[in-house]
Every structure is written in structure tokens, then in C-alpha cells.
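Dear colleague,

Please find the structure below, handed over for your records. My notes on it follow directly after.

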Amino acid sequence: MMSVFRVLHVDDDEAIGDLLETYLEESVDREEFSVTPARSVDEAEAVLDEIDIDCIVCDYQMPGTTGLEFLHRIRDRNPNKPFILFTNKGSADIASEAIEAGVTDYLRKGGGPEQYEVLRVS
């Protein structure tokens, strides 16, 4: 039996979160695939304490913090955990800081389903 590949998706926008989670679960060519949503960094950290997560996908702008601050906290816990910063608030400075902090990938949100396709293949 294949083990489940677990993605933690952290985004405070519930509509975007639901759309991305549904798209990934339906489009990834792997039966044993699960997306766990978190609508805040605190919720994400609680999930990480309970579930073994294989990859984190996080929005940049979160209530009271940023995806980069969360990335720093993740790198303190696990320097090798795949972490994708997925945002529409990006800039060259944010991308540079994310790369320095050890982000696995930095993807810009787009305006349509192609944004999720880019994420799916990452």
C-alpha cells in the first residue's frame, strides 16, 4: 500500500483555499493524496503537531504574520520540509528573502486555473 502524500495548505482566504484544495485533490495523478487546510499560521502549527505533513503550501499575507515568518519557523523545526510560498503579493524583495530563508519554491498566484496547474506540477 502506498503511503498518503500529505500537503498542508495555509491560506486565510477560505474561498481560494477551498478552490485550490479541491483542484489539487482532483488533478494530482495519485490516489493516496491529501490536502489539509489551515486558515492561520497558528492552525497550521497545530496541524503540524498532530499530522506528519510532506509539503507545505502557504500564502504570503496571513493575519498577524507572513508566510515568510512561518517559513522561518518551519526551517527551525525542519530544515528540509518542502515549503512553497504561493502568493499574489509577491515582489522581487519577497522572492529574494524567501530564497535566502530556504523556500523550496516561490509561485505567483494567477487569475485562472493555470495558477493551480503550476502549483500541481511543483
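Strand 3 and strand 6 run parallel and are joined by 3 bridges; two strands count as paired if DSSP finds at least two bridges between them. Within this pairing, Val57 stands opposite Ile84 in strand 6. Helices (H or I, at least four residues) and strands (E, at least two) are DSSP runs, numbered from the N terminus.

This is a predicted model, in which local features need pLDDT of at least 70, side-chain atom pairs count only at pLDDT 80 or more, and totals for chains, interfaces and linings use all residues. Residues are numbered from 1 along each chain as its sequence is written, and side-chain values use heavy atoms, with hydrogens and water left out.

The pairing above belongs to an open sheet of 5 strands, ordered 2-1-3-6-7 with parallel pairing. Its edges are strand 2 (33-38) and strand 7 (105-108), each of which pairs on one side only. On average, neighbouring strands of the sheet are turned by 20° against each other, direction ignored. Axes here are lines fitted to C-alpha atoms, for helices over the stretch in contact, and angles run from 0 to 180 degrees between N-to-C directions.

Going through the remaining pairs, strand 1 and strand 2 are parallel and share 6 bridges, with Leu8 opposite Thr36 in strand 2. Strand 1 also pairs in the parallel sense with strand 3, over 4 bridges, and here Val7 stands opposite Cys55 in strand 3. At the other end of the order, 4 bridges join strand 6 (residues 83-87) to strand 7, again in parallel; Ile84 stands opposite Asp105 in strand 7.

Helix 1 (residues 14-27) touches strand 1 (5-10), strand 2 and strand 6, and its direction makes about 170° with that of strand 2. Helix 3 touches strand 1, strand 3 (55-58) and strand 6, and its direction makes about 175° with that of strand 6.

As to burial, buried means under 20% relative accessible area, exposed over 50%, and partly exposed in between (1.4 Å probe, protein chains only). In strand 3, Cys55 and Val57 point one way, Ile56 and Cys58 point the other way, and all are buried. In helix 3 (residues 67-77), the buried residues are Gly67, Leu68, Phe70, Leu71, Ile74 and Arg75. Seen down the axis of helix 3, these residues fall within an arc of 150°, so they line one face of the helix; the arc is that of the directions from the helix axis to the C-beta atoms.

With kind regards

Note on methods
Contact = heavy atoms within 4.5 Å.
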